[in-house]
Amino acid sequence: MMDTGAGEEGTMAEMPRNFRNLRACLCCSLLKSFDQFVDHGCDNCSFLEMDGKVEVVEKCTTPYFAGTIGMIDPTSSWVARWQRIGEFKPGFYAIEMTGELPERYQTMCREIGMPIRSKGSKSG
């Protein structure tokens, strides 16, 4: 298992407080509100050090995503394997995202062997 800073196995990612105005982490696709990312960072990507940093949350998350997955048991879920999120904490994830993780953070992901899930810049 890659060292993502995701914490102990079996723990659940913070659930969105509501399903309006969600953002997806551009590294792992976890869905939370902007405030939740600012307050607690990303449950899977602690190395991005989002907690307490509005600017980092703006750079490392996107409001542009399509579809959601509620993952309860990542080790036995074929959907989690298909989406390449099987090593992350149980939680809600975006199926597809639009946005680009800044190069500095892409380098951090590559250094720990974490695939980058974003799909390029939003046009329009």
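## Aromatic pairs and cysteines

Phe-88 and Tyr-93 are both buried, where buried means under 20% relative accessible area, exposed over 50%, and partly exposed in between (1.4 Å probe, protein chains only). This is a predicted model, in which local features need pLDDT of at least 70 and side-chain atom pairs count only at pLDDT 80 or more, while totals for chains, interfaces and linings use all residues. Residues are numbered from 1 along each chain as its sequence is written, and side-chain values use heavy atoms, with hydrogens and water left out.

**Aromatic rings**

- There are two aromatic pairs, counted when ring centres of Phe, Tyr and Trp (its six-membered ring) lie within 6.5 Å; planes under 30 degrees apart are stacked, over 60 edge-to-face, and the rest tilted.
- Trp-78 and Trp-82 make a tilted pair, 6.4 Å centre to centre with 45° between the planes.
- Helix H3 (residues 78–82) holds both Trp-78 and Trp-82, four residues apart, about one turn of the helix; helices (H or I, at least four residues) are DSSP runs numbered from the N terminus.
- Trp-78 is exposed at 59% relative accessibility, and Trp-82 is exposed at 57%.
- Phe-88 and Tyr-93 form a stacked pair, 6.3 Å centre to centre with 20° between the planes.

**A charge over a ring**

- Lys-32 sits over the face of Phe-37, 5.3 Å from the ring centre (the rule asks for NZ of Lys or CZ of Arg within 6 Å of the centre and within 35 degrees of the ring normal).

**Cysteines**

- The whole structure contains zero disulfides, a disulfide being a pair of cysteine sulfur atoms within 2.5 Å.
- The closest cysteine sulfur to that of Cys-25 is in Cys-42, at 3.8 Å, which is too far for a bond.
- Cys-25 is buried, at 0% relative accessible area, and Cys-27 is buried at 0%.

How values were computed:
Helices (H or I, at least four residues) and strands (E, at least two) are DSSP runs, numbered from the N terminus.
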